[in-house]
Amino acid sequence: MPEEDSVDITFRLYDGTDIGPFSYSSASTVDMLKQRVVSDWPKGKTMIPKAANEVKLMCFGKILENNKTVGQCKLPFGDVGGGGAMVMHVVVQPTIEKAKSDKKIDDLPRKVVCSCSIL
């Protein structure tokens, strides 16, 4: 039964557009899917991932781990959609923006004001 060994996956981007559907083996890893998303990213988007580590894939409300396989990501009780492709939502988290937001308040320069009075 080769149909059980492959899964059709559509990647839904932040703005509602889709990449795919593509057919993957149940043994394909989430990391492989992320690499495909980055390589097939549509031109002209405002947010563009530069590497697979900037992409998070979500399916059925869970963030998928890189070492999980497509077969492990499917619902245990079978397909709900009735013949359609599995939809994975794509979240882009650029590492540069994350580093900028990690700046601590303690790192900012402070002005010290001293009010003393001599009697």
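Start by colouring the chain by pLDDT, the predictor's confidence in each residue, from 0 to 100: the mean is 77, and 68% of the residues reach 70 or more. This is a predicted model, in which local features need pLDDT of at least 70 and side-chain atom pairs count only at pLDDT 80 or more, while totals for chains, interfaces and linings use all residues. Residues are numbered from 1 along each chain as its sequence is written, and side-chain values use heavy atoms, with hydrogens and water left out.

Select helix H2 (residues 30-39), where confidence is highest at a mean of 95, and then helix H4 (residues 95-101), where it is lowest at 54. Helices (H or I, at least four residues) and strands (E, at least two) are DSSP runs, numbered from the N terminus. Where pLDDT is low, the predicted coordinates should not be read in detail.

**Next stop: the rings**

Show the side chains of Phe11, Phe22 and Tyr24, which ring pairs link into a cluster. Rings of Phe, Tyr and Trp (its six-membered ring) pair if their centres lie within 6.5 Å; planes under 30 degrees apart count as stacked, over 60 as edge-to-face and the rest as tilted. The count comes to two aromatic pairs.

Are Phe22 and Tyr24 buried or exposed? Both are buried (under 20% relative accessible area; exposed is over 50%, partly exposed in between, with a 1.4 Å probe and protein chains only). Phe11 counts as buried because its relative accessibility is 0%.

**Last stop: Cys59**

Select Cys59 in strand S3 (residues 55-59). Why does Cys59 count as buried? Its relative accessible area is 3%. Which residues touch Cys59, leaving aside its neighbours within four places in sequence? Cys59 is in contact (heavy atoms within 4.5 Å) with Leu64, Met86, Val87 and Met88. Finally, pick the C-alpha atoms of Cys59 and Val90: they are separated by 9.2 Å, and the two residues are 31 apart along the chain.
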